[in-house]
Amino acid sequence: MLRGLDAREAIFGGTMSWTDLKTELADTGYVASDALAMALYLSISLARPLLLEGAAGVGKTQIAKTLAEVRQTNLIRLQCYEGLDSASAIYEWNYQRQLLSIRAAGEAHQQEDIEEKIFSEKYLLRRPLLEAIQQEVSPVLLIDEIDRADEEFEAYLLEILSDFQISIPELGTITATTKPLVVLTSNGARDLSDALRRRCIYSFVDYPDRATERAILQKRQPDLNARLAEQIVGFVQALRKEDLEKKPGVAETLDWAAAISGLGLKDLSADPLTLQASLVCLLKTQSDQAAIPTEVAQRLVGKAA
Amino acid sequence: MPITQFPTRADGVVERITDFMSHLRFNGVGVGVAETELALLALASIDAIEPNQMRLALKAICTKDAECFGQFDELFNAYWYGKGRRRDRAQETKEKPYEKNRWSNRSLLESEVQGSGIGNADTPDDNNDGEAEQSGDGKLIASRTLNLNKADLREFMKPEDLVWAEQVAERIARAIRDRRSRRRKASKRGAALDLRRIARKSVATAGEPLHLLKRNRPDRPVHLVALLDVSGSMTVYARVFLAFLKGLIGADQHTDAYLFHTQLVRISDALRDGDTFRAVNRLSMMAQGFGGGTKIGTNLDLFNKQYAAKMVNGRSVVIILSDGYDTDPPLKIATALARLKKRGCKIIWLNPLKGWKDYEPVAKGMAAALPHLDIFASANTLSDLAALEPHLGRI
C-alpha cells in the first residue's frame with residue numbers, strides 16, 4: 001500500500017495505475033465509481049482540470065478533500081457566488097497596512113521609495129487563486145459550485161487555468177511555482193461555457209448504487225450492524241425513487257445512519273415512530289416530509305428488508 | 001441506435017481514434033483535435049488493451065455534459081463493437097430530393113390556401129382543436145371576438161402605427177436594457193470607498209487619506225433576444241410584431257431576432273435594414289409564406305441547439321411572441337424552455353391571445369410553458385405593449 005509522499009510520487013512518476021488510485025481513495029474513505037476514478041487519474045496524469053457535475057450531496061466536494069488527504073497536500077477552496085470578484089478570488093492589497101506605513105514613513109522622513117515598498121508582496125493579501133499557484137507543494141484547488149459564479153469569472157478562470165499566471169498591475173506577472181490540481185464542481189444550476197468544458201476532464205457523479213452506497217457506509221461507519229446498514233441503504237435507495245423535491249444524497253445517508261445508531265434502533269421496522277422522527281435527516285423540505293407519511297415510510301422499510 | 005459512419009477498419013491506433021472522434025462528432029458530440037490528442041496521450045498512460053479501461057478513459061475525455069455522459073457507452077459500443085446502425089448513403093441521396101419537393105409543394109399549397117382565405121386565419125384556434133366553436137356559446141364568443149378585433153393589433157397597418165410600434169419597442173428595449181452589475185468599479189460617485197485608489201493617492205499626502213475616491217456598481221447592458229411566431233394563427237399580428245422587433249433591434253447592435261413557424265429563421269440582419277417599411281414588408285411577406293402549423297417546441301429546441309450557446313447567457317432576456325398554439329406535444333415546449341432557462345436568462349412570453357376576454361392559457365403548450373416564464377403578459381394592442389414598459393423594466 002502506498003502512503004503519503006510515496007503516493008504522490010507514484011502518481012506523478014506514472015507507477016500508480018488508476019485502480020491503485022481507486023483503492024487508495026477507498027482506503028482514505030471515499031468509494032469512487034470506475035468512471036470517476038479514471039477521470040481523476042487522467043486529470044492528474046494529463047494535468048488537466050477535472051469538472052464534476054451531479055446533484056447536491058453525491059460527494060463532489062468530498063473527492064477533492066479526499067484527494068488532498070491521499071496526496072498529503074493542502075486543499076485550497078474557492079466557493080463561487082454571483083458577483084465574485086478579483087478582490088475575493090485572487091488578491092487584494094492590505095490597505096490599512098499600506099496607509100499606516102505611508103504615515104510611518106512620512107513621520108520618519110523616509111519617503112523616497114515608499115511607493116515601491118507598499119506595493120510589494122509583503123502588503124499583498126492572497127486569495128485562493130493566487131495562493132494556489134504559489135505553494136511549494138502542488139495543492140488541490142477546489143473551485144466549488146462554479147455554476148454560481150457569472151460568465152465573467154468563468155472567462156477569467158479559463159485564463160488562469162491555461163497559463164497558471166496572474167498579473168498584478170503594481171507588481172507584474174506572478175507565475176505559478178507549482179501547478180495545482182484543479183477540481184471544479186457544478187450542480188447544473190446554469191450551463192457552463194463550452195470553452196470551460198472543453199478544457200476539462202469531465203465526469204458526471206450520480207447517486208451511488210446499492211452496493212457502492214453499502215461500501216461507503218461500511219467505510220465511514222464500520223461499527224454499524226451489517227443487517228441494519230443493509231436496511232438503511234435499501235431504505236434510502238427506495239426513497240430516491242419516490243417523487244421528491246430534493247433527493248437525499250450520500251451525506252444524508254451517513255447522517256441518518258449516525259442518527260439511527262445514536263437513537264439505539266437495531267431494526268428499522270421495530271419502532272415506526274422513532275423512524276418517522278429520524279427522517280428529518282433525509283427529507284429537507286416541508287413538501288418532501290409531507291410526501292412520506294408513516295405508511296409510505298413503512299412500505300419503504302418493507303422493501304428495504 | 002447511434003449511426004456509425006465508418007464501417008471499414010482503419011489501421012493503427014491514431015487512425016482508429018481519429019475515426020472514433022469523427023463518429024462522435026457525427027452523432028452530435030462536440031469533440032475536436034484537442035480531444036483526439038488528449039485521448040492518445042491518455043491511452044499511453046493506461047492499459048489500452050483492456051476495453052473497459054479505454055471506455056472509461058475516452059468517456060472522461062470526450063464527454064462534456066451529463067447528457068453526453070449518459071449516451072457515451074452506446075456510442076462507444078456502436079463504434080468499437082460495430083453495434084451501430086450503418087448509414088446507407090445511396091438510399092439517402094435517392095430519398096432527399098423527393099422529400100424536398102414534397103415539402104415545397106405542400107408549403108406552396110398551404111400559402112395559397114392561406115392567401116385566399118385571410119378570414120380563416122383570424123380565429124387563432126382554427127388550426128388546432130376548434131373548441132371554442134363547438135362549445136354551446138360558440139356564436140357569442142365569435143361575435144365578441146369580432147368586436148374586439150377593432151382594438152386588436154391587426155388593425156394597425158398604417159405606416160404611422162408601424163412607426164409607433166417601433167417607438168414603443170425602442171422604449172421597452174431601453175427600459176430592459178440596463179441591469180445593475182454585482183461588481184463595483186471606480187467611479188465619481190458611489191456608496192463604497194475605493195481603498196485601492198485612496199491608498200495610492202495618500203502617498204502624496206503622507207498617509208493622510210485626503211481624497212476620498214468612490215466605487216459604484218455600474219450598469220451593464222442586457223442582451224435582448226426576440227423570437228416571433230409567424231404561424232397561421234399569428235399572421236394577423238405579424239406585421240405589427242415585426243415592426244416591434246424592428247424597434248427592439250434598432251435600439252442597439254446586439255439585439256437578436258428570429259422568426260419561427262415550422263422552421264426557425266434568424267432575421268437580425270434583415271431587420272437592421274435602414275428602411276423600416278421595406279424591412280417589415282419584406283419580412284411579413286416571408287412570414288406569411290410560411291403561415292401554417294406551428295412547431296414551437298421543435299423550434300425552441302432548435303434555437304437551443306443552434307444559437308443559444310452563442311447568443312444567450314446570464315445577462316440575456318429572451319422575448320417570445322407567440323399565441324402558444326402548438327402542433328408539437330406540450331412537453332416539448334416545457335423541456336426546451338427549461339433547457340433555455342439553464343443558460344441563466346430571463347424569459348418573457350407575450351401572448352396576443354391573453355387580452356381576449358375569458359381567455360385562459362388553455363392550450364396545453366402554454367400551460368406547460370408557464371412555470372418556466374419570468375413574465376407572461378398580454379400584448380394584443382400597442383397600448384398593451386406600451387403599458388408593459390414599467391413591468392419589463394423591473395426584470
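Two residues count as in contact if their C-beta atoms, placed from the backbone, lie within 7 Å. Keep that in mind as we walk through this predicted model, in which local features need pLDDT of at least 70, side-chain atom pairs count only at pLDDT 80 or more, and totals for chains, interfaces and linings use all residues. Residues are numbered from 1 along each chain as its sequence is written, while chains are lettered from A and ligands numbered from 1 in the order in which they are written.

Let us start with a helix in chain A. Helices (H or I, at least four residues) and strands (E, at least two) are DSSP runs, numbered from the N terminus. Helix α12 of chain A covers residues 226-241, 16 residues in total, and reaches 23 Å from its first C-alpha to its last. That is close to the 22 Å expected at 1.5 Å a residue, where the expected span is 1.5 Å times one less than the number of residues. Among the buried residues of α12(A) are A:I232, A:F235, A:V236 and A:L239; buried means that 20 or more other C-beta atoms lie within 10 Å of a residue's own, exposed means 12 or fewer, and partly exposed is in between, with C-beta atoms placed from the backbone. The cover over the buried residues of α12(A) includes α11 (210-220), α13 (250-262) and α16 (294-304) of chain A.

Now step back to the domains. Their bounds come from an automatic or database domain assignment, which gives chain A domain 1 (4-80 + 137-169 + 179-204) and domain 2 (210-304). The C-alpha centres of these two domains of chain A lie 30 Å apart. Nine residues of domain 1 of chain A are in contact with ten residues of domain 2 of chain A.

Two loops of chain A deserve a look at their backbone. A:A47, in the loop between α3 (34-45) and β1 (50-53) of chain A, has a phi near 55°, a positive value in a residue other than glycine. A:A47 counts as partly exposed because it has 13 C-beta neighbours inside 10 Å. A:E145 also has a positive phi, of about 55°, although it is not a glycine. A:E145 lies in the loop between β5 (140-144) and α9 (151-163) of chain A, and is partly exposed, with 18 other C-beta atoms within 10 Å.

Finally, turn to chain B, where six strands form an open sheet with mixed pairing, in the order β10-β9-β8-β11-β12-β13. Two strands pair if DSSP finds at least two bridges between them. The edge strands of chain B, β10 (264-266) and β13 (375-378), each pair on one side only.
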